[in-house]
Amino acid sequence: MREDMYKVIVERPRRGKDGDAAAARLRNDFDGPVRLSMRAGYGYRSLNENLAPLRRYLRAQLGRPWDKVFSEICAGIDRRNTVQQHIHQHIRDFIAIDVEVREGRLVDLAGHGRFLRAAFDTYQELYVDPRSGLIRLNKNYRSWRRRAEEDRKRKAAEIDSRRRVVDEKTLFIRLEDIWYRVEVGVLPKGRLIEDVIDGKKSRRVSAEWRYDVVLRKSVSREASADLRQCERLYGSSDLYAVIKRQLCSREIKAHALR
């Protein structure tokens with residue numbers, strides 16, 4: 001590990017002041033002082049969250065004993081220093097250290113309270129083999145981008161299994177394993193109303209109510225719970241169901257609905 005690793009991770013280069021900083025105004029003022037101090041307006045070092053060098057270093061230690069690697073880290077990053085201690089707090093973000101094998105699965109024992117999660121369900125790319133003490137690659141590791149993409153595809157598939165968009169005003173919606181053709185309308189927008197109560201002005205938003213044939217109740221933009229239900233059913237909190245009709249088997253087959 002390079003000797004200045006903690007500087008690379010924790011410290012940023014000095015940066016100039018801008019905006020309303022007094023020194024910045026003086027530097028840009030042609031009628032201002034002829035000379036300024038070297039320190040004026042050039043800022044101070046600030047904490048950084050550039051953890052990529054730490055991740056690359058740990059990734060390069062595959063196959064090495066964790067005890068030796070951790071000794072090298074401690075030699076270069078002093079845990080007695082408040083700023084450098086900040087780096088030690090992020091080590092477990094990249095490597096699962098306290099690992100146990102249970103029924104063929106890797107279990108991370110580090111600080112999830114009483115809820116133990118399998119290592120391949122966490123974000124750590126590396127883990128310490130409990131049998132040999134060597135750093136190993138988690139073969140089931142998935143980056144946050146990949147997890148986000150998988151979540152997006154899963155949600156899209158789940159929505160596609162219960163809702164299809166025909167046009168702006170028509171949807172196919174599955175309710176309790178039955179497909180319906182639903183025509184939707186737009187909820188009326190709210191109006192800002194000003195009241196005077198005990199001599200004090202107050203403002204509130206008032207919106208007209210509309211009956212939703214799917215929810216079987218009146219909904220409005222005033223009720224946040226109604227908006228959440230509309231968002232889930234119709235894909236937008238601005239919509240509500242005006243007409244609902246069950247699809248026949250011919251229509252279900254024609255539109256490839258399951």
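This is a predicted model: local features need pLDDT of at least 70, side-chain atom pairs count only at pLDDT 80 or more; totals for chains, interfaces and linings use all residues.
Visitor: Why is C74 called partly exposed?
Guide: The relative accessible area of C74 is 25%, and since buried means under 20% and exposed over 50%, C74 falls in between and is therefore partly exposed.

Visitor: What makes C248 partly exposed?
Guide: C248 has a relative accessible area of 31%, which again lies between the cut-offs of 20% and 50%, so the term partly exposed applies to C248 as well.

Visitor: What makes up the largest nonpolar core, and which residues have the most contacts inside it?
Guide: This core has 17 residues, and those with the most contacts inside it are L58, W66, V69, I73, I91 and I95; at least two of its residues come from each of α3 (52-59), α4 (66-76) and β5 (126-128). A second, separate core holds twelve residues, among them L171, Y180, L233 and Y234.

Visitor: Which residues does L58 touch, leaving aside those up to four places away in sequence?
Guide: L58 touches W66, V69, I73, I91, F94, I95 and L126, where a contact means heavy atoms within 4.5 Å.

Visitor: What share of the protein chain is buried?
Guide: Of the 258 residues in the protein chain, 30% are buried, that is, under 20% relative accessible area, while the accessible surface comes to about 18100 Å², with 48% of it belonging to carbon and sulfur atoms.

Conventions: Residues are numbered from 1 along each chain as its sequence is written. Side-chain values use heavy atoms; hydrogens and water are left out. Buried means under 20% relative accessible area, exposed over 50%, partly exposed in between (1.4 Å probe, protein chains only). Accessible areas come from the Shrake-Rupley method with a 1.4 Å probe; for residues, only the protein chains shown count as cover. A nonpolar core is a set of buried Ala, Val, Leu, Ile, Met, Phe, Trp, Tyr and Cys residues joined through side-chain atoms within 4.5 Å. Helices (H or I, at least four residues) and strands (E, at least two) are DSSP runs, numbered from the N terminus.
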